[in-house]
Amino acid sequence: MDHFKRYFPILDWGRDYDRLALGEDLTAAVIVTLMLIPQSLAYAMLAGLPPETGLYASIAPILLYAVFGTSRALAVGPVAVVSLLTASAIGQVVEPGTASYVAAALTLAALSGAILLGLGLLRLGFLANFLSHPVIAGFITASGVLIAASQLKHVMGVEAEGHSLIELGLSLVQHAPDTHGPTLLIGGAAVAFLYFVRTGLNPLLTRLGLPPRLAGFITKAGPVFAVIATTALTWGLDLEARGVAVVGVVPQTLPPLTAPDWSPELIRALFIPAVLISIIGFVESVSVAKTLAAKKRQRIDADQELIGLGAANLGAAFTGGYPVTGGFARSVVNFDAGARTPAAGAFTALGLALAALTLTPLIYFLPKATLAATIIVAVLSLVDFSILRATWRYSTSDFIAVLATILLTLSLGVEAGVAAGVGLSILLHVTKTFKPHIAEVGRVPGTEHFRNIHRHQVETTPSLLTLRIDESLYFANANFLEDMLLKRLSQDAEAVRNVVLMCSAVNEIDYSALETLEALNARLEDMGVRLHLSEVKGPVMDKLEHTHFLRDLSGEVFLSQHDAWAALGRSG
């Protein structure tokens, strides 16, 4: 039974489901549904897809995540960054606005789902740890700017194209004289209203005496009010006839059963974008899930999250959707609204299905400018340039990586940006371990503690050299240790008779590093210097005991550095 619970978390939380949880989940579902209706339509437009695709991508995926996911509050569906990545990936392969474009979106969702599911079954969730958080934050910030810029054409009522901020900016300036007045008025008013709703409505309602819960509900329903008002205005004044672009006919139906395009050429073209979308989507989703889980002392299983998101994306692929992941804004709303279990997501899916069946004729006159305004205001929360100041103060290398990711994303587009982000994350990891911190240490007087001789007043002895290695040893950094040690010995070759490598921070020694240690042992022995180890961790020692290194070691292995000092320090 425990084995099934691991893969089907619903068996865990479902058995304790009660009437109280039902009431709270239903309340949260109503609030999130109201938020998702305009948001789903808007994100589909951002992805270059028909608006109903956003609704379809918010139904089956949520139901499947409720079965397989481990987060009690994560709300899965279309999100801004993944929508932008989808448009960028498919737009380079298939002509936008065609049936092939929609089919390619299904294929992209299927590939992403298969990748996530495979990684989850192989228990490879740890791979996300190789992505630097500052780099991902930089990419998301730049993507937010790109998304907002890409929607200005709908607010202005002009045709503008471009995959980078420079291209978009030049195209908008070029088409600025063609700005459509009524569209700009609707779009500008919607942006202003939604921004006020996001930043000032809740405090205003609270000051007016409304209960905090009711004020929060009205605030979260703000985009729905914008949709209703601008749709009614467009219908009443017949603004479609005056050139205001509207959503038009939206099928009044449940998500259809669909089949992705499995042509080898399309799969080859979309595979790498699917990998990037999977990585970014998983990192964004699991970070949100862990943040919300920590507030209630709940646990998130990263490997099972891969399976849950994989199932959600496969569900999107076969029900007319496109790639999905856990969204920050809607998940926070779900959490704040009191969602107790993933059943809240299932109830949200039912609400959206009801909307797809009954409300779609009412949004015929919904201006695309309103949807663009919804996106622009929503992505403002993604833009956070403070990460530049924070990394500048703390780490120059992280600052350079973040700045490079932002500039590359803005100047070359999202695919180049995310590829740069992944590459820079790996490069940061390699460079930080390629030259590990190695400190020469001495004893703090009157204690058994050993500290850096350049930072503390410590005792040393001329015949004993102790180096503390603050990193695991592997093929990329073993030679750095050898070079540093030999350089240090060259400064005092006659006096030093014993070298101790203090391994308290060494969690792993790979075979390349082992060969380096063996060669170093032989070379020191030729110089009349004995090599010793101290504070070797159990798992590392277990592996060393099966090698020739310990048998050939010219010195000893000490349990503690104090033992090494007591045995070798007197010889000085």
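Q: What volume does the largest cavity have?
A: In this predicted model, the largest cavity has a volume of about 170 Å³.

Q: Which residues lie nearest its centre?
A: Tyr 43, Phe 328, Ala 329, Ala 378 and Leu 382 lie nearest the centre of the largest cavity, out of 17 residues that line it.

Q: And which elements give two or more residues to that lining?
A: Those are α3, α6, α15 (328-336) and α17.

Q: How does the lining of the largest cavity divide into nonpolar, polar and charged?
A: It has 11 nonpolar, 3 polar and 3 charged residues.

Q: How many cavities of 30 Å³ or more does a search of the whole structure find?
A: The search finds 4. The second largest cavity holds about 70 Å³ of space. Its lining has 13 residues, and the closest to the centre are Arg 72, Ala 73, Leu 292, Ala 293 and Gln 298. By class, that lining is 6 nonpolar, 3 polar and 4 charged.

Q: What is the lining of the largest pocket like by class?
A: There are 19 nonpolar, 15 polar and 4 charged residues in it.

Q: What about the volume of the second largest pocket?
A: That volume is about 760 Å³. Of the 33 residues lining the second largest pocket, His 133, Ile 136, Ala 137, Val 283 and Ser 287 are the closest to its centre.

Q: Which element supplies the largest share of that lining?
A: α13 does, with 8 residues. At least two residues each come from α8, α13 (264-295), α18 (386-394) and α20 (414-434). The lining of the second largest pocket divides into 17 nonpolar, 11 polar and 5 charged residues.

Q: Why is Ala 566 called partly exposed?
A: Because its relative accessible area is 27%, which means it falls between the 20% limit for buried and the 50% limit for exposed.

Q: And what separates Ala 566 from Pro 9?
A: Their C-alpha atoms are separated by 55 Å, and the two residues are 557 residues apart along the chain.

How values were computed:
Residues numbered from 1 in each chain as written. Predicted model: local features only at pLDDT ≥ 70, side-chain atom pairs only at ≥ 80, totals over all residues. Heavy atoms only, no water. Nonpolar A, V, L, I, M, F, W, Y, C, P; charged D, E, K, R; others polar. 1 Å grid on protein atoms, 1.4 Å probe; cavity = no way out; pocket = protein on both sides within 12 Å on 5 of 7 lines; lining within 4 Å. Points joined across faces, edges and corners; volume = space filled by probe spheres on them. Helix = DSSP H or I, 4+ residues; strand = E, 2+ residues; numbered from the N terminus. Buried < 20%, exposed > 50% of the residue type's maximum accessible area, 1.4 Å probe, protein only.
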